[in-house]
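Dear colleague,

My notes on what was found in it follow directly after.

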Amino acid sequence: MACAHLPPAPTRNVSLTPRAVILLIAAGVGALPPAWADAAANYHQKVAPLLSKYCYDCHGNGLNKGNVTLDDFNSDTDMLARRDLWLAALKNVR
């Protein structure tokens, strides 16, 4: 909630890097299940295209370098519940 005596924060058009997107997913997957619908929509809209572009050459489309695959989930809930996977991805992207 904004304070009445403070002006609203300026709006910025921010471009998310793959690292930032993975961090957002890693932070968001700890949310309560009702919030997972928003997290899943965010994943499909913003994260999946980045993974496809930068990661699937080794970790998607049937490939699992290092026993890591980023596109073989049974459901959105399964994808969001893999917090260990997303934290490991964030660690490796850093």
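I begin with the pocket, where helix 1 (18-28), helix 2 (36-54) and helix 5 each supply at least two residues to the lining of the largest pocket, a pocket being an open set of points on a 1 Å grid over the protein atoms alone where a 1.4 Å probe fits, with protein on both sides within 12 Å along at least five of seven lines, and lining residues being those with an atom within 4 Å of a point. Helices here are DSSP runs (H or I, at least four residues), as strands are (E, at least two), and they are numbered from the N terminus. Please bear in mind that this is a predicted model, in which local features need pLDDT of at least 70 and side-chain atom pairs count only at pLDDT 80 or more, while totals for chains, interfaces and linings use all residues. Residues are numbered from 1 along each chain as its sequence is written, and side-chain values use heavy atoms, with hydrogens and water left out.

The volume of the largest pocket is about 320 Å³, where a volume is the space filled by probe spheres set on the points, and grid points are joined across faces, edges and corners. Among the 19 residues that line this pocket, those closest to its centre are His-59, Val-68, Leu-70, Leu-85 and Ala-89. Helix 5 gives the most to the lining, with five residues. Sorted by class, the lining has 12 nonpolar, four polar and three charged residues, with Ala, Val, Leu, Ile, Met, Phe, Trp, Tyr, Cys and Pro counted as nonpolar, Asp, Glu, Lys and Arg as charged, and the others, Gly among them, as polar.

As for the overall fold, the protein chain has five helices and zero strands, which gives the pattern α-α-α-α-α when read along the sequence. Of its 94 residues, 26% count as buried, where buried means under 20% relative accessible area, exposed over 50% and partly exposed in between (1.4 Å probe, protein chains only). Among the contacts in the chain with a separation of 6 or more, 51% join residues 24 or more positions apart, a contact meaning heavy atoms within 4.5 Å.

The largest nonpolar core has 14 residues, and those with the most contacts inside it are Tyr-43, Leu-51, Leu-70, Phe-73, Met-79 and Trp-86; such a core is a set of buried Ala, Val, Leu, Ile, Met, Phe, Trp, Tyr and Cys residues joined through side-chain atoms within 4.5 Å. Helix 2, helix 4 and helix 5 are the elements that give two or more residues to this core, and the largest share, six residues, comes from helix 2. Leaving aside neighbours within four places in sequence, Leu-70 is in contact with Tyr-43, Leu-51, Cys-55, Tyr-56, His-59, Leu-85 and Trp-86.

Turning to the aromatic rings, the count comes to two aromatic pairs, where rings of Phe, Tyr and Trp (its six-membered ring) pair if their centres lie within 6.5 Å, and planes under 30 degrees apart count as stacked, over 60 as edge-to-face and the rest as tilted. Phe-73 and Trp-86 form a tilted pair, at 6.0 Å centre to centre and with 35° between the planes. Because Phe-73 lies in the loop between helix 3 (56-59) and helix 4 (76-81) and Trp-86 in helix 5 (residues 83-93), this pair ties together parts that are 13 residues apart in sequence. Both Phe-73 and Trp-86 are buried, and ring pairs link Tyr-43, Phe-73 and Trp-86 into a cluster.

The loop between helix 3 and helix 4 also holds Asn-61, which has a positive phi of about 55° although it is not a glycine, and which is exposed, with a relative accessible area of 61%. Asn-67 lies in that loop too; its phi is near 60°, again a positive value in a residue other than glycine, and Asn-67 is exposed at 73%. Val-68, likewise placed in this loop, counts as partly exposed at 29% relative accessibility.

With best regards
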